[in-house]
Amino acid sequence: MTLPIKWKILLIDDEEDIRDIMALTLTDAGYSIICAPDGPTGLMLATREEPQIVITDIKMPGMTGLEVLEKIKKIKPEIEVIVTTGFGDIKKAVQALQLDASDFISKPIDDAALHMALKRAMQRYVDKKQLSDYTLLLENENLKTSSELIKNVDFQSRLIENSMDGILGCDENDIIVTYNRSMEKLLGYPKVQVLKKMKITSFFQPALFLKLKENLSNSNFGGENMLSFYETTMLSMGKKDIPVQISGFLLSKDMIQISMVMCISDLRDLRNLEQEVTDQAKLLHREKMVSLGRLAASMVHEINNPLSGILNYIRLMIRISGKDNTLKLALTPDQIRDRANKFNAYLAIIESETQRCSDLVSGLLKFSRKSKLEQKSIDVAELIQHSLLLCNHKIELSNIVLKVRCHKDVPSVFGDFNQLQQCLINLIFNGIDAMENGGNLEIKTHYNPEEKLVFISIKDTGRGISKEDLNFIFEPFFTTKNQGYGVGLGLSSAYGIIEKHKGTIVVESTLNSGSEFIIKLPPEEK
């Protein structure tokens, strides 16, 4: 079969705007584009239209991008799949790469990153196609002349030499007989030093090589005498451990091993990505702790007020009781009833103020707790109320007038209460920080039946954001605040949280005229 002259790409994304923009960009670049709004439609088109490359979003309602990837690799393994992911989904991008995705691109999608990913996917497709064609040729063609044999041997050599993955082969004595350019790049050993001079055991720790041979002999990783996607480490020329993924097989004759062939993928980039996921989680927690510290400092004063009131009423009750005992007054029934009513009123105030302290401390503990993602129905008005409970005193101290308008017809949303609360607190604190000399902070909600979305707006009258900075405010580590007010992850973490909840967050701002952050979330499905 000849290689395709025109590249056909299938786009799978549940957001129509993203599909339209990507389709326009890729059509202008000369690609033939097919679009699908969901996973099942995408699978049907992948089977019917036979595209060479599929670009799919990871987060979609119903069938996810990872499920689409797995099914495509089962029915059409030759198709290269690129996954797109949001800021909070890097773990799933790693899973996609482990499922043999060609690449992943973070949203919002940059044209340069998109075309680079496509270039790599096309190269992988061509490599696999050439290898498949060559295998088919060996199976179905009878090489009749020596010239044809020489030609095909040369083709095989060039195919192995130029493979993007490392290819390593050894004979029955473990002496290296095949060692391509990618292996040179991976391990650092030059070919002239390796071929027919070194043993494969030189590239592994002894215990790891024994384990590899053991797994190759059993059927745990793809079948007997085969390995599929087996992860281990190899030793470089500088004796450094390199994480790799190995697929390979044993060749035998009359039950005796005569050679071993391995296809080796470098996992260093994947491991670095996994480390970035861990580091990112730590940084996001650090940002949360910065907010927690500021909340705690504000709450010291908030809790001190009710405690002072409680103490004064208790002292007053002790003084009244002590005075009665000292003077040994004989109280009339009316005086006793009046005294009891006063004490009951004092006790009611003490109970109310104690409950207020308890609510503040409880809210602070919930916010600080590292909890697992807990999806549940969330009342939007209650979410705002709990968020403001932790911010009210800071708002008052900052000379800010707060207005809250929650429409009664706003439906519930479905998600993690703690994460959405963290998002709102970040946005409220941003508004407070933007109004150094006081101002107005307005929080309002409404439901848009046409878009079928719940809107939550946080609007301030602060210094605003310049047009230049608007393009970067959701990027990690970007901040316009002074040192000590965070690490530049507040808005990026808010963006990631909202995207996890299948929503969007947009900002409207003019320098010196304030900012409005608008969260759009889908309502809970009944």
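**View 1. Salt bridges in the predicted model.** A search of the whole structure finds 13 salt bridges. The structure is a predicted model. Side chains of opposite charge can pair when their charged atoms come close. Several of the residues involved are linked in a network of salt bridges: Lys 73, Glu 80, Asp 100, Arg 124 and Lys 128.

**View 2. The salt bridge between Glu 80 and Arg 124.** In this pair, the closest N and O atoms are 2.9 Å apart. The two residues link distant parts of the chain, with Glu 80 in strand S4 (residues 80–85) and Arg 124 in helix H5 (residues 111–140), 44 residues apart. Glu 80 and Arg 124 are both buried.

**View 3. The salt bridge between Asp 100 and Lys 128.** Here the closest N and O atoms are 3.6 Å apart. This pair also links distant parts of the chain: Asp 100 lies in the loop between helix H4 (90–98) and strand S5 (103–106), and Lys 128 lies in helix H5, 28 residues apart. Asp 100 has a relative accessible area of 22% and is partly exposed. Lys 128 is partly exposed as well, at 31%.

**View 4. The salt bridge between Arg 48 and Glu 49.** The closest N and O atoms of Glu 49 and Arg 48 are 3.2 Å apart. Arg 48 is exposed, with a relative accessible area of 55%, whereas Glu 49 is partly exposed, with 26%.

View 5. Lys 500 belongs to helix H16 (residues 490–500). Its relative accessibility is 34%, so Lys 500 counts as partly exposed.

**View 6. A negative surface patch.** The residues that form this patch are Asp 14, Glu 15, Glu 16, Asp 17 and Asp 20. Glu 15 sits in the loop between strand S1 (8–12) and helix H1 (16–28). With a relative accessible area of 36%, Glu 15 is partly exposed.

**View 7. A nonpolar surface patch.** Met 226, Phe 249 and Leu 251 make a patch of about 250 Å². Met 226 is part of strand S8 (residues 226–235). The relative accessible area of Met 226 is 38%, so this residue is partly exposed.

**View 8. The largest nonpolar core.** This core has 38 residues, of which Ile 395, Leu 420, Leu 427, Ile 428, Phe 517 and Ile 519 touch the most other members. Two or more residues each come from helix H12 (380–389), helix H14 (417–434), strand S14 (439–448), strand S15 (453–460), H16, strand S16 (504–509) and strand S17 (515–521). H14 gives the largest share of the core, 9 residues.

View 9. Lys 196 is not a glycine, yet has a positive phi of about 60°. Lys 196 lies in the loop between helix H8 (191–194) and helix H9 (206–217), and is exposed, with a relative accessible area of 67%. Asn 399, likewise not a glycine, has a positive phi of about 60°. The loop that holds Asn 399 runs between helix H13 (392–397) and strand S12 (400–406). At 56% relative accessibility, Asn 399 counts as exposed.

**View 10. Met 317 and Lys 342.** The two residues are 25 residues apart in sequence, and their C-alpha atoms are 9.1 Å apart in space. Met 317 is in helix H10 (residues 268–327). With a relative accessible area of 13%, Met 317 is buried.

Methods
Residues numbered from 1 in each chain as written. Predicted model: local features only at pLDDT ≥ 70, side-chain atom pairs only at ≥ 80, totals over all residues. Heavy atoms only, no water. Helix = DSSP H or I, 4+ residues; strand = E, 2+ residues; numbered from the N terminus. Buried < 20%, exposed > 50% of the residue type's maximum accessible area, 1.4 Å probe, protein only. Patch = residues over 30% accessible without salt bridge, like charges linked within 9 Å, V, L, I, M, F, W, Y side chains within 5 Å. Areas by Shrake-Rupley, 256 points an atom, 1.4 Å probe, with all protein chains shown as cover. Salt bridge = Lys/Arg side-chain N within 4 Å of Asp/Glu carboxyl O. Lys, Arg positive; Asp, Glu negative; His and termini not counted. Charge placed at Lys NZ, Arg CZ, Asp CG, Glu CD. Core = buried A, V, L, I, M, F, W, Y, C linked by side-chain atoms within 4.5 Å.
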